[in-house]
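Reader: Please place the sequence and the model side by side, and then let us work through them one question at a time.

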Amino acid sequence: MILDAHGHVGAWPDFLIPDPTAEGLVATMDRIGVTAMGISHLLAVGPDAERGNRLAREIAERHPGRFGVWQVHNPHHRTPLTRDGVWGVKLHPDVHHCRLDDPRYDPAWELGLPVLAHGQTGSPWSDPEQFATVAARHPGVPILMGHTGLWPYGFARAARLVADHPNVYLEVCGSKSTGRWIARLAELAGPERVVFGSDACFLDLRIGYGRLALAPLAPAARTLIQGANLARLLNLPS
């Protein structure tokens with residue numbers, strides 16, 4: 001079973017996305033063998049969280065079993081959140097210009113569902129240090145650190161910062177990630193704390209999964225990272 005924790009659908013104004021459709025993603029998922037992908041709609045990440053969340057749920061309904069929904073919470077609006085029919089909540093502090101540890105994100109934590117948040121080493125909005133802060137405040141909430149801090153020079157630091165917070169998981173998508181880094185993160189944090197993601201449709205799902213497929217991992221570690229860890233967090237059948 002392969003589960004992709006970090007995906008998107010839709011267009012973005014300053015990033016070329018050759019195929020922003022759910023149908024394009026499903027075709028590639030079928031080719032690779034990806035069982036399901038968690039998506040947030042880029043309209044929701046951007047200007048209209050409520051409408052984008054609704055579109056993401058409609059996509060999931062059209063493709064049953066293939067997409068889980070990360071509903072976006074915009075901290076500047078009173079975005080309605082639900083516990084029904086979603087994987088959890090998506091936060092993007094850098095787009096919203098709101099620190100991850102800001103109280104305006106409290107509705108997302110209080111929901112109690114898993115949270116996938118953009119993480120970026122050196123960012124004033126989403127540095128991995130802030131993940132440690134919110135993890136300590138909300139130890140019962142599973143938190144996926146998107147991109148594990150994004151930049152390779154910060155990967156090991158990100159793992160160290162959250163080492164004492166078992167509710168934080170390192171999600172590995174990003175154009176700077178490599179198979180060797182995925183294996184190194186599994187050594188640093190333990191393979192049970194690392195989760196596969198691709199950032200499709202921003203990035204090519206084939207390349208994203210290729211990094212994991214070719215990573216120097218023991219079979220048991222690869223099984224955990226490519227799907228078993230996320231299935232456990234989401235209470236999905238494995």
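Reader: Where does Cys-201 lie in relation to the strands and helices?
Author: This is a predicted model, in which local features need pLDDT of at least 70, side-chain atom pairs count only at pLDDT 80 or more, and totals for chains, interfaces and linings use all residues. Residues are numbered from 1 along each chain as its sequence is written, and side-chain values use heavy atoms, with hydrogens and water left out. Cys-201, which a cis peptide bond with omega of about 10° joins to Ala-200, lies in the loop between strand 8 and helix 9.

Reader: Does Gly-197 count as buried or exposed?
Author: Gly-197 has its place in the loop between strand 8 and helix 9. Leaving aside its neighbours within four places in sequence, it is in contact (heavy atoms within 4.5 Å) with Asp-4, Ala-5, His-6, Glu-171, Val-172 and Cys-173. Burial is judged with a 1.4 Å probe on protein chains only, where buried means under 20% relative accessible area, exposed over 50%, and partly exposed in between. At 4% relative accessibility, Gly-197 therefore counts as buried.

Reader: What is the phi of His-147, a residue that is not a glycine?
Author: His-147 is found in the loop between strand 6 and helix 7, and its relative accessible area of 5% makes it buried. Beyond its neighbours within four places in sequence, His-147 has contacts that include His-6, His-118, Glu-171 and Asp-199. Although it is not a glycine, His-147 has a positive phi of about 70°.

Reader: In what order do the eight strands of the open sheet stand?
Author: Two strands are taken as paired if DSSP finds at least two bridges between them. Strand 1 (residues 3–9) and strand 2 run parallel and are joined by five bridges, while strand 2 and strand 3 (residues 67–72) pair in the parallel sense over three bridges. Strand 1 and strand 8 stand at the edges, each with a single partner strand, so one side of each is left without a neighbour in the sheet. The pairing is parallel, and the order of the strands is 1-2-3-4-5-6-7-8.

Reader: Which residue in strand 2 is the bridge partner of Asp-4?
Author: Six of the six residues of strand 2 (residues 36–41) are buried, so the strand is largely enclosed by the rest of the structure. Ala-36, Gly-38 and Ser-40 point one way from strand 2, and Met-37, Ile-39 and His-41 point the other way. On the strand 3 side, Gly-38 stands opposite Gly-68, whereas the bridge partner of Asp-4 in strand 2 is Met-37.

Reader: Within what arc do the buried residues of helix 8 fall?
Author: The buried residues of helix 8 are Gly-179, Ile-182, Ala-183, Leu-185, Ala-186 and Ala-189, and the elements that cover them include strand 7 (168–171), helix 9 (205–213) and helix 10 (219–234). The face turned away from this buried side carries the exposed residues Arg-180 and Glu-187. The arc is that of the directions from the helix axis to the C-beta atoms. Seen down the axis, the buried residues line one face of helix 8, because they fall within an arc of 155°.

Key. Helices (H or I, at least four residues) and strands (E, at least two) are DSSP runs, numbered from the N terminus.
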